[in-house]
Amino acid sequence: MPVIYFPSKKQELQERVVKNMKSLVIAEKPSVGKDIARVLGCSKGGNGFLEGKEYVVTWALGHLVELSDPESYGEQWKTWNMETLPMLPEKLEIQVIPKTGKQYQTVKAQLHRKDIGSIVIATDAGREGELVARWIILKSGVRKPMKRLWISSVTDRAIRQGFEHLRDAKEYENLYQAAVARAEADWLVGLNATRALTVKHNAQLSCGRVQTPTLAIIARREAQIKEFQPQSYYSLSVNAGGVSWQWKSKENSYSVFSEKTIRQVLEKVTNSTGTVEEVKKKLQKSYAPQLYDLTSLQQDANRMFGFSAKQTLDYMQHLYERHKALTYPRTDSRYLTQDIVETLPERVRACRCGSYGRICAQLLKSPIKGNKSFVDDKKVSDHHAIIPTEQGVSLNSLEYGERKIYELVISRFLAVLLPPCEYEQTQAVLSCEGELFTVKGKTILHPGWQEIRNIQKESGILPEEEGGEDSGKTAPEIEMQDSLPVFSKGQRILFGDGKITEGRTKPPLPFTEATLLAAMENPVRYMENASQSLKKTLGETGGLGTVATRADIIEKLFHSFMIEKKDRYIHLTSKGRQVLELAPKELVSPQLTAQWEQQLADIAKGKARKKDFEAEIRSYTADIVKEIAISSKTYRHDNLTRKKCPDCGKLLLEVNHKNGRMLVCQDRECGYRKTLSRITNARCPQCHKKMELSGEGENQRFTCVCGYREKLSAFEKRKKESGGGVSKKDVSRYLNQMKKEADEPLNNAFASAFAKLKL
């Protein structure tokens, strides 16, 4: 006979209470929080939250809680002295960020509500997102059951499916521990090394496990350029049979360094008859490039549109959060998972706006399938590649930068769904007086994904060829001609005019943001004498930093005046070079950050303990402070002006920042700065390059590198008469922005240089 269970009155009461309880959802930003609230039916407005029958949705503003400032631990660290270093608190505490304290109190109040029975963490699905929510919950002091929303896009459908499959927050405990370990390690090493350098040399100097090796990569490239010795090389082409034949040496090279050799060949074959020795025809296929991860998207956006890595990430965030048009941006994967395949038709339908409507219609005529070239569960960790969502967007609602990024992602997404490009490649080899000449031709049979390239060509947005990356580069491989006449083996052809082309080997180009991102992703290419173990570690960890932090690192280097931009190329400043000399050697090598990322990954997977990692970091911190303290090296300002600081009277420094020039006080505790000029979006009427705006009041004028000069008032008048360009409102907004930036503290001893410490 089965046992019949009758719940007690106490249990019935508990179950009734649980049923009446609500769940608190914590999103990372207001835009995402409001989207989640709408999907969950939370329409009752509150101050910083929205409420419904089952859920209360609130949000952070990014981080609301951070690691405490050194000054909060006691009097000994309120002043900057070498004697008080290293700073090694027994336990690192967390504090509410004052600037966003009001929203923290709102979230805390919701967490402590008696009718809130559980918490749903709905911050970004990644290491930092986990930290945002967990620190808020920890600081508030509540202990309630927690679930995790883990989604890659914020469309209505993704949110609904995510809430139908909420996961236990315990599954992400190790990810949280890894996030804390990363934050605490950067605090201990970054703040101690930075404070030691700053105090030692009385100058605002900073170093870190990612930013300093990045400086070293730039320095290495500059050394390669300086050491490079150009050589002349020569190539020969001869007109015969209606095409241009390229001479090929016995070493299979299309050029030689000896002018004498190439002239002897020309003399030998002039007015001679050659014989076709070989004609090869081969069917070839070319496949679309892989889907975008964040780094590859940032690289293309920089090459095509000149967007900085930070700008591209910001545009991506808007498209992900505000427009719900693209999936999660901070991904290092270029593949999709199998479960995404069934959603591909809906995503294609969402892309039908703009230039690619015809391609979308073509794809939707037949079933859309995935293949191993872009679908592989094993090559996706937390997030798949960046692709469009199922939710379409009006292109007119997007800003210029957002639209360009959106169209880039669409083009790559559609390209992988199209068949490969099929073409017939023909290669003919001709001999004449013992010399070989070659010609290659290409006939497109089925364009396939190249239709996307054709659309991009029509739009004029194909990436420029960077070139010059490898030292000693000579003539390129033989050019592929669109079509060739029909040649047959044994055919005799009379040689016509010959042409010798002289070129010079080129040094590597300085880094752009696109090529620097690539170098950070694969730094081994730019290191000499790297050990196999280091190469392996760097390969496993994905290089310097992560896809989510590289843009911030580059921005920090610009902001701290350790690098500057000339035209589109990045160069070290004197300050950057000196920091490389003064920083502890281990911080200059990428090996440290590679080891850290490997250990953090092991902590996230439960293979290593945070406690052991922290002990290692504390020991290392003490060592680098000691190394800096006993160093005999000195720092010298070489950009002093004769102008005195109006606040402290010391001589000012003139620095080039990313977007112009400014004066800053040399005293790290003063913080004075004044903008001298700024690169604008206004284009020179002569050479069409961006112009620089300088001066004050009525004396403000635009100048260009080509020598063109124009007063701001004349510029406004010219634009008004032409009926386009910049309005007075735009100029006013721009000048206010300049003033705002000029008023922001720069040399404050802690707040600006070291806040957030994304080192």
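**Pockets, cavities and rings**

Author: Let's start with the second largest pocket. Its lining has eight nonpolar, one polar and six charged residues. Keep in mind that this is a predicted model.

Reader: OK. What is the volume of that second largest pocket?

Author: About 430 Å³. The lining counts 15 residues, and those closest to the pocket's centre are Arg-134, Ile-137, Val-142, Arg-143 and Met-146.

Reader: Which elements give two or more residues to that lining?

Author: Two are listed: α4 (127–140) and α6 (173–201). The largest share comes from α4, with three residues.

Reader: Switching to cavities. How many of 30 Å³ or more does the structure hold?

Author: Three. The largest cavity has a volume of about 70 Å³.

Reader: What lines the largest cavity, by class?

Author: Nine nonpolar, one polar and two charged residues. The lining includes Val-32, Ile-36, Asp-124, Arg-148, Trp-150 and Tyr-320.

Reader: Arg-148, got it. Which ring does its charged end sit over?

Author: The ring of Tyr-172, at 5.9 Å from the ring's centre.

Reader: Now rings with rings. How many aromatic pairs are there in the whole structure?

Author: A search finds 12. Take Phe-305 and Phe-307: their ring centres are 5.4 Å apart and their planes meet at 40°, so this pair is tilted.

Reader: Why tilted?

Author: Because 40° falls between the cut-offs: under 30 degrees would be stacked, and over 60 would be edge-to-face.

Reader: Are those two residues buried or exposed?

Author: Buried. Phe-305 has 17% relative accessibility, and Phe-307 has a relative accessible area of 6%. The cut-off for buried is under 20%, so both values qualify.

Reader: Which residues do ring pairs link into a cluster with them?

Author: Tyr-315 and Tyr-400 join Phe-305 and Phe-307 in that cluster.

Reader: Last topic, strands. Why is β22 described as largely enclosed?

Author: Strand β22 covers residues 660–665, and five of its six residues are buried, so the rest of the structure largely encloses it.

Reader: And in which sense does β22 pair with β23, parallel or antiparallel?

Author: Antiparallel, over five bridges, with β23 spanning residues 673–683.

Reader: What's the bridge partner of Gly-660 in β23?

Author: Arg-678.

Terms used. Residues are numbered from 1 along each chain as its sequence is written. This is a predicted model: local features need pLDDT of at least 70, side-chain atom pairs count only at pLDDT 80 or more; totals for chains, interfaces and linings use all residues. Side-chain values use heavy atoms; hydrogens and water are left out. Rings of Phe, Tyr and Trp (its six-membered ring) pair if their centres lie within 6.5 Å; planes under 30 degrees apart count as stacked, over 60 as edge-to-face and the rest as tilted. Buried means under 20% relative accessible area, exposed over 50%, partly exposed in between (1.4 Å probe, protein chains only). A charge sits over a ring if NZ of Lys or CZ of Arg is within 6 Å of the ring centre and within 35 degrees of the ring normal. Helices (H or I, at least four residues) and strands (E, at least two) are DSSP runs, numbered from the N terminus. Two strands pair if DSSP finds at least two bridges between them. On a 1 Å grid over the protein atoms alone, a cavity is a set of points where a 1.4 Å probe fits but cannot get out, and a pocket is an open set with protein on both sides within 12 Å along at least five of seven lines; lining residues have an atom within 4 Å of a point. Grid points are joined across faces, edges and corners, and a volume is the space filled by probe spheres set on the points. Ala, Val, Leu, Ile, Met, Phe, Trp, Tyr, Cys and Pro count as nonpolar, Asp, Glu, Lys and Arg as charged, and the others, Gly among them, as polar.
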